[in-house]
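Subject: Structure handover, with notes on strands and salt bridges

Dear colleague,

I am passing on the structure below, and I would be glad if you kept it open while you read the notes that follow it.

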Amino acid sequence: MIHTFIGDLGHFFVVLSFVSAMVSAYAYFKTSAANIENPSWKKFARIAFFVHSAAVLGIISSLFTIIYQHYYEYHYAWSHSSNNLPSHYMISCFWEGQEGSFLLWIFWHVCLGLILIKTAKIWEANVMLIFTLVQAFLNSMILGIVFFDTFKVGSSPFMLLKDVMTNAPIFSMNPNFIPEDGTGLNPLLQNYWMVIHPPTLFLGFALTLIPFAYCLAGLRKKEYKSWIKPALPWATFGAMVLGIGIMMGAYWAYETLNFGGYWNWDPVENAVYVPWLVLVASIHVMISVQKSNTALKSAMVLNIATFVLILYSTFLTRSGILGEASVHSFTDLGLSGQLLIYLLVFTGIAIFYLVKHWKNIPPDPKEISVYSREFWIFMGATTLCLSAFQVLVPTSLPVFNAIVAVFGEKSNLAPPSDQVEFYTKFQLWFGVLVAVLSGTGQFFWWKRIDKENLIKAMSVPLSLTLLLSAVLIMVFSVSNWKFIILLTVGIYSIISNIFVVAKLLKIKNLRISGGAVAHIGIAMMLLGILASSGYSKVVSLNSTGLLYNREFSDDMNKENLLLFRGKPQKMGNLTLTYKGTRMESVEVPTYLDQENLQNTAIPFRMVTTKDVNANGKTYFTKGDTLTVFHENTYYEIEYQNEEGKKFTLFPRIQNNAQMGFVPSPDISHYLAGDLYTHVTNIPDPEAKTEWKEEPQKQVLHIRDTFYINDYVAILDDVKRGQEIDGEDVNIFAQIRILDRERYYELKPAYLIKENLVRKISDENKELGVKMTFESLDPATKTFTFAVATTQRDWIIMKAIEKPLINILWIGTILMGIGFAMATFRHYAENKQVLK
């Protein structure tokens, strides 16, 4: 049965939310007309926004019901969900698609709008006017209405599968066909970071709208400076959330993807990074305006630019214009024109108000001095903007090519082939400037300082910086001159800002130290990036001198380690042992040995051939069926150091329907750094096992010892009476193969039924051994076995040391704390003004 009601209800809520947003915008426009608030229109505007909020919650409830109840007649549920998906990943399905992520963005706008209605006071009408207009445009992205069979507005998440896949033959045969299962959530996104990273990132996007709305409200009200105070806490909060969201994505990439790092300068990564840089620049300029009325025009331009860049990043990632340039971009759902209109409309509105009021905006009161706080703030903001511009231009080359193509010309400009090298060679120096400016600017401590006092104030921090830098350069043998500069300025920024925090702690005014704490965090992030990326070290070196494969690259042959299953292999001061393939089940709190699982007709359902025990508890008994994540195969690698201490890593290879076989690392975390391990090559899982043509014959008595593939084996016993597959087993053997730390059992069988002989071989893939019970001789009490061997199971893996990477993550946390402190401070100051 097709559940049409829930889809119709959801679509009704979509239309209602769009209409109510437009009504609220119009009512707020009438409220703010001529800068004289009309109470009746204001009340009506609020009611309309409350209706809009309820409608958005209705959309979310309807779509989540469709996903959670597995209503696969709906294209969105079929595309992003599946029967075996754990419930905690169901929420990730919600925002995997374009429509769901737009809806998440809309939801955050609803939450923020309700807060603004309560807190904006005299600014409510003008701020909410902009806010609701943006919300209406955003709502139009999920409207899903087609006019005159050609003009499409939005893409609805409530489309039936048969209405999307109109050419599928199944629907011509059976219009009410409903798939039994969905295609599922991309396995790469089945990660706890993907549950919290998108909501955090989209909250950051939503927060950039508030300073933008306050800025335009200030222009409309001709209150050119007073908008700064209520907008500033929202800007700092937005910078905190967006910055943390970006770093959450970086950590997801670090532990899920296999490029060996956390930032790859992918166009989608850049598209989010650029607005954050401009937002941080705008915060500094807004602080300067608040303190000294300097750079008011710059504050307005940067606030507008931040929100416009958010819209531009949305266009880049969702219009399909990036094409093959990014692995993160969405496919085009036919919204590229609508996204472009969205971008141009609000860019045009902002430019209109800015140009209209430009002459009336108060100019800077005087020329700023090099020894003033405003100069150093402006230099910092300029550096951040230039850094953003350097990233923005190459990232936008696909847009430039598309514009050229519109005029009938062809442009072959392409993003850099080696993105990491290209961007790093520029961004390194912007990082140096940021560290120098964030350290030096603190000495002015919001007041003018002369040259003599500046030298005096800087003498102790500079001396400590040079001393500590020299020690670290010698201890860690830093020889690259670029790294020496970055190390020195990073330490300088940390020490300078620590001095500020210490001074504030001394006068018991720590609440205003948010900026200094954030600067310390960012400087630590620079040092963490320097250590973990600049001094990462491949430790899985091939010391045999042999090539694994002539078709492999030099790096593959030289920087990877071949591990045969069960055979210890040295890697520096560690001994590695590949233990075999494992699988994961949500029903068992440990990895499962893949050899103890048998496939069924359903890929994610498998039968266990042994009891499954974990933590002293039996979860499944032999013959039970359990649910597994069949896309993922984990490779158990045991590490043992020279003192005998052991730990185990489980890097995986994922059979991803969209991306093929995708390796993901496993990471061992230490205080001094990480050991990053991923599998780079495996035997073809579809290939048939090739046994040596001539099996070796072994004639044995019970308790005889013999050799198999370099292992010692013992024929422990021969027994009668076992029943296998309905046959009477006359004889089966128990053969024990000894390894260093464990033993393996093989049980080849010799069956006789109705004068027919059937030989059942037993094999062990880990050892590359297959034994067949050939015959028995009652007179001599001997038993003959055929022993076939093949190449043992193997993997090729790569291990990288990431020294001091924890400095990066600690710096991220400190940056967030600093922004949070600044947010609370500015919010308290604004609250006092409103009183």
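A salt bridge is counted here when a side-chain nitrogen of Lys or Arg lies within 4 Å of a carboxyl oxygen of Asp or Glu. By that rule, Lys42, Arg46 and Glu124 are linked in a network of salt bridges. Please bear in mind that this is a predicted model, and that a search of the whole structure finds twelve salt bridges.

One of the salt bridges joins Asp793 to Arg565, with the closest N and O atoms 3.3 Å apart. Asp793 lies in the loop between strands E30 and E31, while Arg565 lies in the loop between strands E4 and E5, so this pair ties together parts that are 228 residues apart in sequence. Asp793 is buried, with a relative accessible area of 16%, and Arg565 is buried too, with a relative accessible area of 2%.

Another salt bridge is formed by Arg582 and Asp593, whose closest N and O atoms are 3.4 Å apart. Because Arg582 belongs to strand E6 and Asp593 to strand E7, the pair connects parts that are eleven residues apart in sequence. Arg582 counts as buried at 9% relative accessibility, whereas Asp593, at 23%, counts as partly exposed.

What separates Glu829 from Arg825 in helix H21? They are four residues apart in that helix, which means about one helical turn, and they form a salt bridge in which the closest N and O atoms are 3.3 Å apart. Glu829 is partly exposed, with a relative accessible area of 21%, and Arg825 is buried at 14% relative accessibility.

Turning to the strands, E24 (residues 731-738) has six of its eight residues buried, so this strand is largely enclosed by the rest of the structure. Strand E21 runs antiparallel to E24 and is joined to it by seven bridges, with Lys719 standing opposite Phe732 in E24. E24 also pairs in the antiparallel sense with E25, over four bridges, and a hairpin of four residues joins E24 to E25; across this pairing, Arg736 stands opposite Glu745. With strand E26, E24 pairs in the antiparallel sense over two bridges, and here Ile731 stands opposite Tyr750.

Elsewhere, three strands form an open sheet in the order E8-E9-E12, with antiparallel pairing. Its edge strands are E8 and E12, each of which pairs on one side only, and the twist averages 45 degrees from one strand to the next. Three bridges join E8 to E9, and Leu597 has Thr608 in E9 as its bridge partner.

With best wishes

Technical notes: Residues are numbered from 1 along each chain as its sequence is written. This is a predicted model: local features need pLDDT of at least 70, side-chain atom pairs count only at pLDDT 80 or more; totals for chains, interfaces and linings use all residues. Side-chain values use heavy atoms; hydrogens and water are left out. Two strands pair if DSSP finds at least two bridges between them. Axes are lines fitted to C-alpha atoms, for helices over the stretch in contact, and angles run from 0 to 180 degrees between N-to-C directions. Buried means under 20% relative accessible area, exposed over 50%, partly exposed in between (1.4 Å probe, protein chains only).
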